[in-house]
Amino acid sequence: MLTTSACFLSFTSPIFISEMKSLSIHITGKVYKVGFRYYAKQMAERCGICGSVRYSDQQTVIIEAMGNDDELNKFIGRCRIGCYGSAVKEITIAEKEFPVSTSFEIVNSWQSIVFCPQSSDEVKRKPRKEHDVINSQQQK
């Protein structure tokens, strides 16, 4: 039987891959610039969830989560509550297959553009920090 200690080393018992589910969780509301992605990472680590979290737009966070039913239910419940300063309006959950992950990561906004651009003509990275502006001026 194929077993793995997946996700985090803090597990005391092995997790069977066949018992794990992959979910795509879209959370809308006041979740932008309130620390929601960091909160989601902390809750994922506490619940034993693997995957990632990223912004889709200024009102939506997308979480790709992998775990067993109990872990996922606990995690979704904590996401529903949200962090201080957030206001979760709606949670949409769909089963989705994605590559097996061994940790939970925060994907930066500019990195998510690389993974899901609308069209290559529309995607242009704007400088986000002062050093990016300086670097882009030096390259000219």
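Reader: Which residues have the most contacts inside the largest nonpolar core?

Author: In this predicted model, they are Ile25, Ile27, Phe36, Ile49, Ile63 and Phe75, and the core has 24 residues. The elements giving two or more residues to this core are β3 (21-30), α1 (36-47), β4 (50-57), β5 (60-67), α2 (69-81) and β7 (104-106). The largest share, 6 residues, comes from α1.

Reader: What makes a set of residues a nonpolar core?

Author: The members must be buried residues of kinds such as Ile and Phe, joined through side-chain atoms within 4.5 Å. In general, nonpolar side chains tend to be buried together in soluble globular proteins.

Reader: Which residues does Ile27 touch, leaving aside those up to four places away in sequence?

Author: Ile27 touches Phe36, Gln59, Thr60, Val61, Ile63, Cys79, Val88, Glu90 and Ile91. Two of these, Phe36 and Ile63, are also among the core residues with the most contacts.

Reader: In what order do the strands of the open sheet stand?

Author: The order is β6-β3-β5-β4-β7, which makes 5 strands with mixed pairing. Neighbouring strands are turned by 20° against each other on average, direction ignored.

Reader: Why is one side of β6 and of β7 left without a neighbour in the sheet?

Author: β6 (87-95) and β7 stand at the edges, and each has a single partner strand, so one side of each has no neighbour there.

Reader: How do you know that β3 and β5 pair?

Author: Two strands pair if there are at least two bridges between them. β3 and β5 have 8 bridges, in the antiparallel sense, so they meet that condition. Within this part of the sheet, Lys21 stands opposite Gly67 in β5.

Reader: Where do the helices α1 and α2 lie against the strands?

Author: α1 packs on the sheet and touches β3, β4, β5, β6 and β7, with its direction at about 175° to that of β7. α2 lies across β3, β5, β6 and β7, running at about 160° to β5.

Reader: Why are α1 and α2 called roughly antiparallel?

Author: Their packing angle is about 155°, with the axes 9 Å apart. Angles over 145 degrees count as roughly antiparallel, and α1 and α2 are therefore roughly antiparallel to each other. α1 passes α2 in a right-handed crossing.

Reader: Which residues meet where α1 and α2 pack?

Author: Phe36, Tyr39, Ala40, Met43, Ala44, Arg46 and Cys47 in α1 meet Glu71, Lys74, Phe75, Arg78, Cys79 and Ile81 in α2. Arg46 and Phe75 are 29 residues apart in sequence and 8.5 Å apart in space, C-alpha to C-alpha.

Reader: Why is Arg46 called exposed?

Author: Arg46 has 59% relative accessibility. The cut-off for exposed is over 50%, so Arg46 counts as exposed.

Reader: What makes the phi of Lys33 worth a look?

Author: Lys33 has a positive phi of about 60° although it is not a glycine. Most residues other than glycine have a negative phi. Lys33 is placed in the loop between β3 and α1, and at 68% relative accessibility it counts as exposed.

Reader: Why is Ser103 called partly exposed?

Author: The relative accessible area of Ser103 is 24%. Buried means under 20% and exposed over 50%, so Ser103 falls in between and is partly exposed. Ser103 lies in the loop between β6 and β7. Ser103 and Cys50 are 53 residues apart in sequence, yet 4.8 Å apart in space, C-alpha to C-alpha.

Methods
Residues are numbered from 1 along each chain as its sequence is written. This is a predicted model: local features need pLDDT of at least 70, side-chain atom pairs count only at pLDDT 80 or more; totals for chains, interfaces and linings use all residues. Side-chain values use heavy atoms; hydrogens and water are left out. Buried means under 20% relative accessible area, exposed over 50%, partly exposed in between (1.4 Å probe, protein chains only). Helices (H or I, at least four residues) and strands (E, at least two) are DSSP runs, numbered from the N terminus. Contact means heavy atoms within 4.5 Å. Axes are lines fitted to C-alpha atoms, for helices over the stretch in contact, and angles run from 0 to 180 degrees between N-to-C directions. Angles under 35 degrees count as roughly parallel, over 145 as roughly antiparallel, 65 to 115 as roughly perpendicular and the rest as oblique. A crossing is left-handed if the near helix is turned anticlockwise from the far one by less than a right angle, and right-handed if clockwise.
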